[in-house]
Amino acid sequence: MRNIRTVAANTFREAVRDRVLYNLVFFALLMMGAAILVGQISIGIEQDVIVSLGLTAISVIGILIAVFLGVALVSKEMDKRTLYALLAKPVKRWEFLLGKFFGLVMTLTVNTAAMAAGLYLALWTVKHPLLKSDAYILVAVYLILLKLAVIVALALLFSCFTTPFLAILFSAGIYVAGLFAADLRTVKGVDLDSGSLRLMRGISYLLPNFQNFNVMGAVVHGRGVPGVFVWQATLYALVYIAIILTGAAVVFSRRNLK
Amino acid sequence: MGMPQGAIEIEHLSKEYPYGFLHLKKKKSLEDLTMRVEDGEVFGFLGPNGAGKSTTIKLLMRLIFPTAGTARILGKPIDDVSMHGSIGYLPEQPYFYDYLTAHEVLDYFARFHRLTANDRSARVAAMLKKVGLDTAKKIQLRKYSKGMLQRVGLAQAILHDPRVVVLDEPMSGLDPLGRREVRDIILELKREGRTVLFSTHVLSDAEMLCDRVGVIVGGKLRGIGAPGDLVDMKAQGMEILFELSGSAGSLPLLEKATRTGERYRVQLPETELYSTLDALKSAGARILSVAQIKPTLEEYFMHLVETDRAQASAVEVSGT
């Protein structure tokens with residue numbers, strides 16, 4: 001545990017010093033601009049616009065960081081050979097991987113929390129006081145964070161066996177496919193034989209179902225999210241991440257470093 | 001009773017790299033290496049670039065995996081990561097997290113060893129002083145020169161008091177002062193009874209530091225023993241460095257001399273030394289130095305490489 005914590009803390013420090021958190025400035029400007037604009041052009045839908053724009057920005061910025069930094073976590077260390085000295089210490093390769101994973105998730109948590117605070121601030125400027133139902137935004141933010149953790153795990157897995165460019169392509173591809181995982185399961189009216197349909201259904205269960213983390217529609221309109229939905233999404237993310245990271249550890253433990 | 005345990009024991013270690021389309025072809029990087037490094041000895045691993053030195057070291061550090069063979073360090077198989085607490089490793093041309101300072105990177109590495117916070121802090125400070133980075137400890141590594149990074153690498157390798165230290169080209173990138181400091185550190189490690197394995201292609205380093213050396217060429221171990229036994233160190237001739245100004249161009253010797261300004265360098269058999277010195281003196285030359293020409297390891301390598309190639313082509317011709 002101690003080794004994982006040490007690697008994670010260093011990964012977080014790297015992200016901070018590499019100015020990853022500077023994206024918050026962009027987010028802040030976006031939110032400020034939106035708040036000012038919404039006040040002028042929309043009547044009665046300020047909340048909807050601010051919340052949907054804010055959550056979308058949190059998600060998109062988070063996905064970009066998760067994919068690009070997630071892939072770089074291991075590939076950069078291999079490329080620059082910073083890993084060599086580290087692996088000669090009493091550190092197991094899987095400990096290094098988990099440390100990297102938790103370090104980036106920690107970075108994303110801080111980043112997402114800061115963006116969520118910015119979103120609330122923007123919301124407060126267009127309507128105050130804030131209502132109890134506005135707390136549902138936090139649930140949406142939490143689910144986005146779970147989604148980001150799954151993406152980091154995927155990016156880490158791909159970077160363990162392929163080039164950074166392909167790893168980014170694969171991660172982004174799986175993300176897009178994962179958005180439609182539920183649709184693949186229920187596909188109807190397509191002229192396919194039963195074998196192909198079964199294959200498609202099988203693939204859909206392998207893909208991460210990112211719709212499990214999407215509650216934006218409900219939250220934007222101030223509707224609540226059932227607790228059971230949140231628990232199920234949490235469990236789903238944890239199991240999925242555990243499987244992906246186990247795969248990554250298996251691949252990485254046999255990887256020859258050039 | 002069996003043989004006493006060596007610090008590093010390598011048995012039939014081989015490494016092949018697949019290459020080409022579909023990775024169907026294989027290149028042998030290391031072939032059937034068997035050797036041992038005794039406890040407390042300084043062992044030099046010599047060979048030209050691409051000979052298999054780094055491959056062997058990376059195999060020992062478990063950065064790459066062997067195609068065949070095994071190795072043990074301090075009696076434990078190399079895939080036992082717990083053994084890494086007793087070994088130190090300096091990678092070739094080391095590179096560290098450039099957003100960290102030297103102090104931070106050493107503190108980071110020290111955390112993987114079971115040290116108390118006080119012990120960690122004392123050791124990091126001592127190491128920075130030892131490798132001469134005390135005054136630069138708060139500068140981020142992105143601003144470090146290659147030589148300074150090499151020093152950081154050395155510091156992290158010996159930070160935790162390891163019993164076995166493996167250094168991959170420890171002198172590379174260092175200025176003469178830095179090389180001397182590294183030599184001193186290696187000698188200090190030896191005095192402390194630690195085992196040191198280091199790779200180099202500079203014979204003078206090996207001569208000065210090593211109890212024994214192993215020479216590897218083309219992935220195969222070609223010789224192992226004390227440096228003096230390995231290369232015939234008899235002088236192969238003499239070299240005279242002298243200054244000659246004015247119109248002294250009539251000396252026949254000058255035809256085979258290399259000239260830099262008014263300085264000349266000439267190589268000749270030892271039997272001609274005194275007559276040449278007399279001739280130079282009569283011509284009004286100022287003798288700057290007279291030195292023996294000893295075979296360099298480079299020449300030794302060239303000989304081994306040429307032998308290696310000759311053998312390979314002989315095999316090709318005979319079709320066996």
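Two residues are described here as in contact if their C-beta atoms, placed from the backbone, lie within 7 Å. The model is predicted, so that local features need pLDDT of at least 70 and side-chain atom pairs count only at pLDDT 80 or more, while totals for chains, interfaces and linings use all residues. Residues are numbered from 1 along each chain as its sequence is written, and chains are lettered from A and ligands numbered from 1 in the order in which they are written.

View 1. Leaving aside neighbours within four places in sequence, A:Leu156 is in contact with A:Gly70, A:Leu73, A:Val74, A:Leu97, A:Lys100, A:Phe101 and A:Ala248. A nonpolar core is a set of buried Ala, Val, Leu, Ile, Met, Phe, Trp, Tyr and Cys residues joined through C-beta atoms within 7 Å, where buried requires 20 or more other C-beta atoms within 10 Å of a residue's own. The largest such core holds 154 residues, of which A:Val152, A:Ala153 and A:Leu156 touch the most other members. Helix α6 (residues 136–159) of chain A gives the most to this core, with 19 residues; helices are DSSP runs of H or I with at least four residues, strands are runs of E with at least two, and both are numbered from the N terminus.

**View 2. Packing of helices α3 and α5 of chain A.** Helix α3 (residues 46–79) of chain A packs against helix α5 (residues 93–126) of chain A at an angle of about 165 degrees, their axes lying 10 Å apart; axes are lines fitted to C-alpha atoms over the stretch in contact, and angles run from 0 to 180 degrees between N-to-C directions. The two helices, α3(A) and α5(A), are therefore roughly antiparallel to each other, a term for angles over 145 degrees.

**View 3. The loop residue B:Met61.** B:Met61 is found in the loop between α1 (53–60) and β4 (68–73) of chain B, and is buried, with 21 other C-beta atoms within 10 Å. Apart from neighbours within four places in sequence, B:Met61 is in contact with A:Ala88, B:Tyr89 and B:Val166.

**View 4. The side of chain B that touches chain A.** The contact takes 24 residues from chain B and 20 residues from chain A. On the side of chain B that touches chain A, the elements giving two or more residues are β6 (87–90), α2 (102–110) and α4 (146–158) of chain B.

Definitions and conventions:
Angles under 35 degrees count as roughly parallel, over 145 as roughly antiparallel, 65 to 115 as roughly perpendicular and the rest as oblique. A residue is buried if 20 or more other C-beta atoms lie within 10 Å of its own, exposed if 12 or fewer, and partly exposed in between; C-beta atoms are placed from the backbone.
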